[in-house]
Amino acid sequence: MPVPNIKRGYRKTRYILYKETLIDYKEHFWSFLGSFVGIGILAYLESIHFGGSDLVYLIGSFGASSVLIYGIIQSPFSQPRNLIGGHLISAIIGVSVNKLVPDIVWIAAPLAVSLSIIFMQITKTLHPPGGATALIAVTASPQIKNLGYMYVLSPVLVGVLILFVTALIFNNMTSSRSYPSHSTYHKHYHKIRKRLSRKG
């Protein structure tokens, strides 16, 4: 390999490493503030409506969703359709599986997660934390299991909408951040147009 090519490759590698390790304080500030407020609201609702150690509004999958919708806002997995649809579909599947096989966790747990993945794929609402939402419905304490399909409405829908509205506010407070990601929607829009033009 000629020397100029080696130097060019070296410079490119240094630039990539620099970009990957660059600390963007503004980006981190808005990620922190959005997630702090979103989860904080859910924690406040929890403290008002429920006592004891069992958490209802603060289901674990909301923490994972916060990483996506406040920290990686351009990701296709972070977009509103995926956030809301993924959680709702997974919650419905989790509750349904729990009703079908309530006492056989070694069947219910993998079935709930696997079905939620498939249905999220089919509906184009893939949101990785949705798998946890389905899993919680079949492995959580009796307090959550006893909610039945109310689990889909609260905590899941209520919690997701709070996180979503918070993301809309804090991810659009600066010109360097934009949520939902228009580039993601344009990409899907052009894909659909291409498919329709082929059929026509």
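1. In this predicted model, the buried residues of α6 pack against α3 (60-71), α4 (80-100), α5, α7 (142-145) and α8 (150-170). Helix α6 itself spans residues 129-139 and is mostly covered, with 8 of its 11 residues buried; these are Pro129, Gly130, Gly131, Thr133, Ala134, Ile136, Ala137 and Val138.

2. The whole structure contains 1 salt bridge, in which the side chains of arginine 177 and glutamate 27 meet at 2.6 Å, N to O. Because arginine 177 sits in the loop between α8 and α9 (182-199) while glutamate 27 belongs to helix α2 (residues 25-49), the pair ties together parts that are 150 residues apart in sequence. Arginine 177 counts as buried, at 3% relative accessibility, whereas glutamate 27, at 22%, counts as partly exposed.

3. UniProt, in an unreviewed entry, places the feature "transmembrane region" at residues 29-48, 55-73, 104-122 and 149-170. Over residues 29-48 the model is 100% helix and 0% strand, with the end C-alpha atoms 28 Å apart; over residues 104-122 the corresponding values are 95% helix and 0% strand, with the end C-alpha atoms 27 Å apart.

4. A nonpolar surface patch of about 890 Å² is formed by Ile104, Val105, Trp106, Ile107, Leu111, Leu115, Ile117, Ile118, Phe119 and Ile122. One of these residues, isoleucine 118, lies in helix α5 (residues 105-122) and is partly exposed, with a relative accessible area of 41%.

Methods. Residues numbered from 1 in each chain as written. Predicted model: local features only at pLDDT ≥ 70, side-chain atom pairs only at ≥ 80, totals over all residues. Heavy atoms only, no water. Patch = residues over 30% accessible without salt bridge, like charges linked within 9 Å, V, L, I, M, F, W, Y side chains within 5 Å. Areas by Shrake-Rupley, 256 points an atom, 1.4 Å probe, with all protein chains shown as cover. Salt bridge = Lys/Arg side-chain N within 4 Å of Asp/Glu carboxyl O. Helix = DSSP H or I, 4+ residues; strand = E, 2+ residues; numbered from the N terminus. Buried < 20%, exposed > 50% of the residue type's maximum accessible area, 1.4 Å probe, protein only. UniProt positions renumbered as here; feature names shortened; annotations may be inferred. Contact = heavy atoms within 4.5 Å.
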